[in-house]
Amino acid sequence: MTAPSTFGLIGLSSEARNLHWLLTNLVEEVPGILSVAVVSSDGLLLLSSDDHRNKEARDALQARGTKRSGPRGSAADLATIVSGIGSLTVGAAKLMDFGGVRHTMIAMDEGSLFVMSISDGSLLGVHGSADCDMSVVAYHMALFVGRAGHVLTPELRSELRKSLEDSQTTTGRAR
């Protein structure tokens, strides 16, 4: 097991650091997870897995000849997809009058996409490889939601969003 990275977490509240730690553990501990995004109710990316996380899974896909290992661009692409699917399923549930949406799973030829409600409209999105065990991924997502849902307050969402914007500004200047 690899220790979670604390780079870029200095200055964050303990709740924000804990969410980063939970996300890191989700990616590193569950086989087949390629990328993860936590999205606010208005579709903004709050947290995402680093591109270098779970490198072994991405390398294995490439070795098998899989053309793509995730959304084309970045975590922002995954956030957009998660937000759109979340919105679509909420609308469908309202039309069908079946209550709230808890989770959505999409199985594709070369991967899977999972979307799970966290709290107040926030969503957890996971992109998994084609050979991931969907029930294991869903179980660990539910654990993440159970642990993160009660601390994902409006204040924390604002802090996470600002932290993400600051890190993107810093990265942009380094290039």
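Predicted model: local features only at pLDDT ≥ 70, side-chain atom pairs only at ≥ 80, totals over all residues.
Let's begin with helix H1, which covers residues 14-29. Its 16 residues reach 22 Å from the first C-alpha to the last, close to the 22 Å expected at 1.5 Å a residue. Several H1 residues are buried, among them Ala16, Leu19, Leu22, Leu23 and Leu26. As you look at them, keep in mind that an α-helix has 3.6 residues a turn, so residues three or four places apart point the same way.

Next, move along to helix H3, residues 75-96, where you will find Ile85. Ile85 counts as buried because its relative accessibility is 16%, and the cut-off for buried is under 20%. Beyond its neighbours within four places in sequence, Ile85 is in contact with Thr104, Ile106, Leu113 and Val115. Leu113 sits 28 residues from Ile85 along the chain, and their C-alpha atoms are separated by 9.9 Å.

Besides Ile85, Thr104 touches Thr89, Leu113, Phe114 and Val115, leaving out residues up to four places away in sequence.

Finally, turn to the loops and their backbone angles. Most residues other than glycine have a negative phi. Asp97, in the loop between H3 and E3, has a positive phi of about 55° although it is not a glycine. Asp97 counts as exposed, at 67% relative accessibility. Asp120 lies in the loop between strand E4 (111-117) and strand E5 (123-129), and its phi is also positive, near 50°. With a relative accessibility of 58%, Asp120 counts as exposed.

Definitions and conventions. Residues numbered from 1 in each chain as written. Heavy atoms only, no water. Contact = heavy atoms within 4.5 Å. Helix = DSSP H or I, 4+ residues; strand = E, 2+ residues; numbered from the N terminus. Expected span 1.5 Å × (residues − 1). Buried < 20%, exposed > 50% of the residue type's maximum accessible area, 1.4 Å probe, protein only.
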